[in-house]
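Dear colleague,

I am passing a structure on to you for your records and further study. Please find it below, followed by an account of what was found in it.

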Amino acid sequence: MNAFEYVNPSNLQDVPQLLSQKRDRKSVVMAGGIDLLGELKDNLITPDRLVNIKALDLRYIRHSKEGVRMGATTTLSDLVSDEEIVKTYTALAEAAESVASLQIRNVGTIGGNLCQRPRCWYFRGEEFHCLKKGGHKCFAVDGENKYHAVMGGGPCHIVHPSDTAPALIALHATIKIHGPNGERTVPAADFFLLPMENLYQETVVHSNEVVTEIFIPKPKAGTKSTYLKFKEKGSMDFALAAAAVALRVEGGVCKDVQVVLGGVAPKPWQADASALVGQVVTEERVVAFANTVLKDAAPLRDNAFKVTLSKTMIKRGVLALV
Ligand code: SF4
């Protein structure tokens, strides 16, 4: 591991300058450090400077009649133990609780969970100089691709690893980013990028910017939400497939529904669920909807099981809220 400078800014305004790259100098943001330490140990990154943002005042959960604001360094455990989040923004609480282990959730932050890098083992493996690292080949195409994307892939077939991201999109969250020109706010649905849009980064956050806050508007009365995650291991694991669902039913009729899949595409996969709106939500209709969502899936050699699994996640997630 190379030697690096470690800085603890106490003023947010100083962060973009500290992150600005000069020639070969590389600076990276450190929040909880959960993913970052893995990247350092795997020699995936060799920064000259770590900019620790935990000294900034970004660990908070603030409820209001408009919704909830969460600072970027709010831990996943903070979210899970907040009663109002559990009650009103249930999908987020369930997603946060599904992440890794209690020890990791006590340190891992919501901002870091959104910005973590992909888990593709070729990407994490030092010996594979794949497309995403500037090479000429995606090793997953002909290699071990059980955990890779079945939708939205190409030329790189990573899956997005965050559990909280699908929940935030289903709940219409927005994400605040601070950079050299001040603040900008991006809908969570527009925060993530496909490899065909940008092969080298997974979010719209530039290297001299930092995520500062997440806002979720208060759902309309009667809205329920949930996050279902299917893991290979019963203990801590990433999702093979997951579904975040938010649903509002009035008088037995679906008024609004959001379905966002995790674990199956390079970014959280937002389904067009408009066919269910105005309908009585029956199992038959949900199955038909799930089939439509997955109809263009293009599995690789070893991951066709994710298509069936995703349909099941959608069905169980929607029907659990009716
Ligand atoms: S899926 Fe992406 S990260 Fe993995 S080997 Fe292919 S190009 Fe590299």
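In which loop is alanine 100 found? Alanine 100 is in the loop between α5 and α6 (102-105). Please bear in mind throughout that this is a predicted model.

Backbone geometry

Although alanine 100 is not a glycine, its phi is positive, at about 45°. Its relative accessibility is 24%, so alanine 100 counts as partly exposed. Histidine 172, likewise not a glycine, has a positive phi of about 60°. Histidine 172 belongs to the loop between α9 and β6, and because its relative accessibility is 43%, it counts as partly exposed.

The peptide bond that joins glycine 154 and proline 155 is cis, with omega about 0°. The loop that holds proline 155 runs between α8 (121-124) and α9.

The ligand site

The ligand takes up the space of the largest cavity. Around the ligand there are 13 residues, of which Cys120, Cys130, Cys138, Cys156 and His157 come nearest.

The nonpolar cores

Which residues have the most contacts inside the largest nonpolar core? They are Leu92, Leu168, Phe191, Ile214 and Ile216, in a core of 40 residues. At least two residues of this core come from each of the following elements: β5 (67-71), α3 (76-80), α5 (90-97), α7 (110-115), α9 (164-170), β6 (174-179), β8 (210-217) and β10 (239-250). Leaving aside residues up to four places away in sequence, leucine 168 touches Leu92, Ile110, Leu114, Ala173, Ala188, Ile214 and Ile216. There is also a second, separate core, which has 29 residues, among them Val257, Val281, Val293 and Val307.

Lysine 26

Finally, a note on lysine 26, which is placed in the loop between α1 (15-19) and β2 (27-30). Why does lysine 26 count as partly exposed? The reason is its relative accessibility of 36%, a value that falls between the limits of under 20% for buried and over 50% for exposed. Lysine 26 and glycine 222 are 196 residues apart along the chain, and 48 Å separates their C-alpha atoms.

With kind regards

Note on methods
Residues are numbered from 1 along each chain as its sequence is written. This is a predicted model: local features need pLDDT of at least 70, side-chain atom pairs count only at pLDDT 80 or more; totals for chains, interfaces and linings use all residues. Side-chain values use heavy atoms; hydrogens and water are left out. A residue is near a molecule or strand if one of its heavy atoms lies within 4 Å of it. On a 1 Å grid over the protein atoms alone, a cavity is a set of points where a 1.4 Å probe fits but cannot get out, and a pocket is an open set with protein on both sides within 12 Å along at least five of seven lines; lining residues have an atom within 4 Å of a point. A molecule sits in a cavity or pocket if more than half of its atoms lie within 2 Å of its grid points. A nonpolar core is a set of buried Ala, Val, Leu, Ile, Met, Phe, Trp, Tyr and Cys residues joined through side-chain atoms within 4.5 Å. Buried means under 20% relative accessible area, exposed over 50%, partly exposed in between (1.4 Å probe, protein chains only). Helices (H or I, at least four residues) and strands (E, at least two) are DSSP runs, numbered from the N terminus. Contact means heavy atoms within 4.5 Å.
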